[in-house]
Amino acid sequence: MTGAGAPTGTNTRTNTRGIARAAVRAELSHVAFELFRREGFDKVTLDDLATAAGVSRSTFLRYFGTKEDAVLAAFDGQDRRVADALRARPADEDDWTALRRALDTVIGRYHEDPEGALATTRLVRETPALCGRHLEKQLTWRPALAEALAERAGTPESVTVGQTVRAGAALGCLNVALDHWTASDGRLDLVALLDEAFAALAPGSESAPEPR
């Protein structure tokens with residue numbers, strides 16, 4: 001019995017440490033975001049962030065290696081959640097519809113806290129260093145979503161070009177919708193914008209003729 005109980009206790013302590021670390025990480029990220037919003041991203045140093053959070057520079061760096069990471073932590077795990085949602089979509093649903101519905105997991109936060117989501121999105125998209133890093137991280141979403149599409153098709157070991165293209169196009173639609181939403185200062189409906197972006201690339205849709 002003693003041997004059986006030891007791993008449980010160890011797992012409990014590990015889980016508790018993980019929860020505590022996640023809480024500290026979230027608090028540091030919040031402090032960093034508020035400081036960036038007040039002072040401007042480029043003007044704030046790592047020392048400034050540590051001081052504002054009441055921790056040492058080395059402690060801050062244990063949680064975030066860069067200033068960019070402190071902001072982009074708000075997007076951690078989104079790729080996994082979207083891929084999981086994609087796998088959970090009905091088997092008879094076409095890929096494009098499934099991708100659109102799976103992205104609801106991303107824009108859910110925009111419904112819960114539209115003001116905070118708008119502020120975060122604006123900071124990321126209007127700060128070149130943050131925008132570049134975010135797009136770089138988003139590149140890892142494409143293979144994850146393409147693999148989820150392959151699993152839906154029953155061929156997890158073979159991702160097709162078409163699946164990869166559709167995954168990349170879906171992310172492009174998300175970014176375009178967010179750009180328009182941010183430019184409108186949140187007045188436009190993000191869901192409607194995302195629907196419109198997807199509709200523009202839906203099978204059978206026709207683009208409006210270019211003006212001559």
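Reader: Which elements cover the buried residues of H7?

Author: Keep in mind that we're looking at a predicted model here. Helix H7 runs over residues 104–112, and Val-106, Ile-107, Gly-108 and Tyr-110 are buried in it. What covers these buried residues includes H5 (78–87), H6 (95–102), H8, H10, H11 and H12.

Reader: Let's take H6 and H7. Are they roughly parallel or oblique?

Author: The axes of H6 and H7 come within 6 Å, and they cross at roughly 30 degrees. An angle under 35 degrees counts as roughly parallel. So H6 against H7 is roughly parallel.

Reader: Which residues of H7 does H6 meet, and how many charged residues does that contact have?

Author: On the H6 side you've got Arg-100, Arg-101 and Ala-102, and they meet Asp-104, Thr-105 and Ile-107 in H7. Sorted by class, the contact of H6 with H7 has two nonpolar residues and one polar residue, and the number of charged ones is three.

Reader: And H7 with H8: are they roughly perpendicular or oblique?

Author: H7 and H8 pack with their axes 5 Å apart, at an angle of about 120 degrees. Roughly perpendicular would take 65 to 115 degrees, and roughly antiparallel would take over 145. That is why H7 to H8 is called oblique.

Reader: Who makes the contact between H7 and H8, and how many polar residues are in it?

Author: H7 brings Arg-109, Tyr-110, His-111 and Glu-112, while H8 brings Pro-114, Gly-116, Ala-117, Thr-120 and Thr-121. By class, there are three nonpolar and two charged residues in the contact of H7 with H8, and the polar count is four.

Reader: Thr-121 turned up there. Is Thr-121 buried or exposed?

Author: Thr-121 is found in H8, which spans residues 114–126. Leaving aside neighbours within four places in sequence, Thr-121 is in contact with Tyr-110, Trp-181 and Thr-182. The cut-off for buried is under 20% relative accessible area. Since Thr-121 has 4% relative accessibility, it counts as buried.

Reader: Moving to H10 and H11, what do we call their packing angle?

Author: H10 covers residues 141–152 and H11 covers residues 161–183; the two pack with axes 8 Å apart at an angle of about 125 degrees. Because of that angle, H10 relative to H11 is oblique.

Reader: What is the handedness of the crossing of H10 and H11, and how many nonpolar residues does the contact have?

Author: The crossing of H10 and H11 is right-handed. From H10 the contact takes Trp-141, Arg-142, Leu-145, Ala-146, Leu-149 and Ala-150, and from H11 it takes Gln-163, Thr-164, Arg-166, Ala-167, Gly-168, Leu-171 and Leu-174. By class, the contact of H10 with H11 has three polar and two charged residues, and the nonpolar ones come to eight.

Reader: What follows H11? Where does Asp-185 lie, and is it buried, exposed or partly exposed?

Author: Asp-185 lies in the loop between H11 and H12 (190–200). Exposed would need over 50% relative accessible area, and buried would need under 20%. With a relative accessible area of 40%, Asp-185 is therefore partly exposed.

Reader: What does Asp-185 touch, and what is its phi near?

Author: Not counting residues up to four places away in sequence, Asp-185 touches Leu-118 and Arg-122. Asp-185 and Leu-118 are 67 residues apart in sequence, but 7.6 Å apart in space, C-alpha to C-alpha. As for the backbone, Asp-185 has a positive phi in a residue other than glycine, near 60 degrees.

Reader: Now Asp-42: is it buried or exposed?

Author: Asp-42 lies in the loop between H1 (2–39) and H2 (46–53). Its C-alpha is 9.0 Å from that of Ala-129, with the two residues 87 apart in sequence. Because Asp-42 has 67% relative accessibility, it counts as exposed.

Reader: Which residues does UniProt list for "DNA-binding region", and what share of the span is helix?

Author: An unreviewed UniProt entry lists residues 45–64 under that name. The end C-alpha atoms of residues 45–64 lie 13 Å apart; the span is 0% strand, and its helix share is 75%.

Reader: Zooming out, how many helices does the protein have, and what share of its residues count as buried?

Author: The secondary structure comes to zero strands and 12 helices. Among contacts with a separation of 6 or more, residues 24 or more positions apart account for 65%. Of the 212 residues, the share that count as buried is 37%.

Key. Residues numbered from 1 in each chain as written. Predicted model: local features only at pLDDT ≥ 70, side-chain atom pairs only at ≥ 80, totals over all residues. Heavy atoms only, no water. Axes fitted to C-alpha atoms, helices over the stretch in contact; angles between N-to-C directions. Helix = DSSP H or I, 4+ residues; strand = E, 2+ residues; numbered from the N terminus. Left-handed = near helix turned anticlockwise from the far one by under 90°. Contact = heavy atoms within 4.5 Å. Nonpolar A, V, L, I, M, F, W, Y, C, P; charged D, E, K, R; others polar. UniProt positions renumbered as here; feature names shortened; annotations may be inferred. Buried < 20%, exposed > 50% of the residue type's maximum accessible area, 1.4 Å probe, protein only.
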